[in-house]
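Please consider the following model, which is a predicted one. The paragraphs below proceed from its strands to its aromatic side chains and then to its loops.

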Amino acid sequence: MKRLLYAIGVAAIASAALVSCNGNNKETSGNQESRSLPILGTWRYASMTYIVSGDKPDTISTVYGPDSIQIYDVYRPDSILESYVTLKDSILRQTQMRYIFRNDSILAENVEKKVQIHVANATDSTLNFNFTLTESDKTAYCETLSERCELPAWLRQKIKK
């Protein structure tokens, strides 16, 4: 269970960092490189691999299928990244961060965390990124694959203001 919660936390932080960078790319930045990165919108984590170092090193790979935890990152044009970790029709975790995109990295932060994410590859439909996460005495190197999608109707309804 701790492993699952750690994976959820890692994914949520990564998504939040990634989202915040994307919102800045097309509409608020004059940087040509930023405009060319097609990450504005909603992305669902398809898979994540992370290597945990520390007392008990471990490699964990997760494929997010329809009946498992789902992680969504919403990159808004106002430089806000919203991240949602869900299971069935419940929100397990919700995070919001501000982000900027510089070169091939997304820098995202809120009052609790600062994350730097390297965008390894981005197309109109897929996004690969990696980052290092340090918490307490553990460090994890994470690699992800996300797919462009729409938020599920039930989630849109729950987060509607």
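Strands, as the term is used here, are DSSP runs of E comprising at least two residues, and they are numbered from the N terminus.

With a relative accessible area of 64%, Lys 88 is exposed.

The pairing of strands comes next. Strand β1 runs antiparallel to strand β9 (residues 138-149), and 11 bridges join the two. Within this pairing, Ser 47 has Leu 145 of β9 as its bridge partner. Strand β9 also pairs with β8, again in the antiparallel sense, over 10 bridges. Here Thr 126 stands opposite Glu 147 in β9. How many residues separate β8 and β9 in the hairpin that they form? There are two residues between them, and Ser 136, in the turn, has a positive phi of about 50 degrees.

Across the whole structure, four aromatic pairs are found. One of them joins Tyr 45 and Phe 129 in an edge-to-face arrangement, with 5.8 Å from centre to centre and 80 degrees between the planes. Because Tyr 45 lies in strand β1 (residues 41-53) and Phe 129 in strand β8 (residues 126-135), this pair ties together parts that are 84 residues apart in sequence. Both Tyr 45 and Phe 129 are buried.

Phe 129 takes part in a further pair, this time with Phe 131: the two rings are stacked, 6.3 Å centre to centre, with 25 degrees between their planes. Phe 131 is buried, as is Phe 129. In a regular strand, side chains alternate between the two faces of the sheet. Taken as a group, Tyr 45, Tyr 64, Phe 129 and Phe 131 are linked into a cluster by ring pairs.

Technical notes. Residues numbered from 1 in each chain as written. Predicted model: local features only at pLDDT ≥ 70, side-chain atom pairs only at ≥ 80, totals over all residues. Heavy atoms only, no water. Phe/Tyr/Trp six-rings, centres within 6.5 Å; stacked < 30°, edge-to-face > 60°. Helix = DSSP H or I, 4+ residues; strand = E, 2+ residues; numbered from the N terminus. Buried < 20%, exposed > 50% of the residue type's maximum accessible area, 1.4 Å probe, protein only. Pairing = 2+ DSSP bridges.
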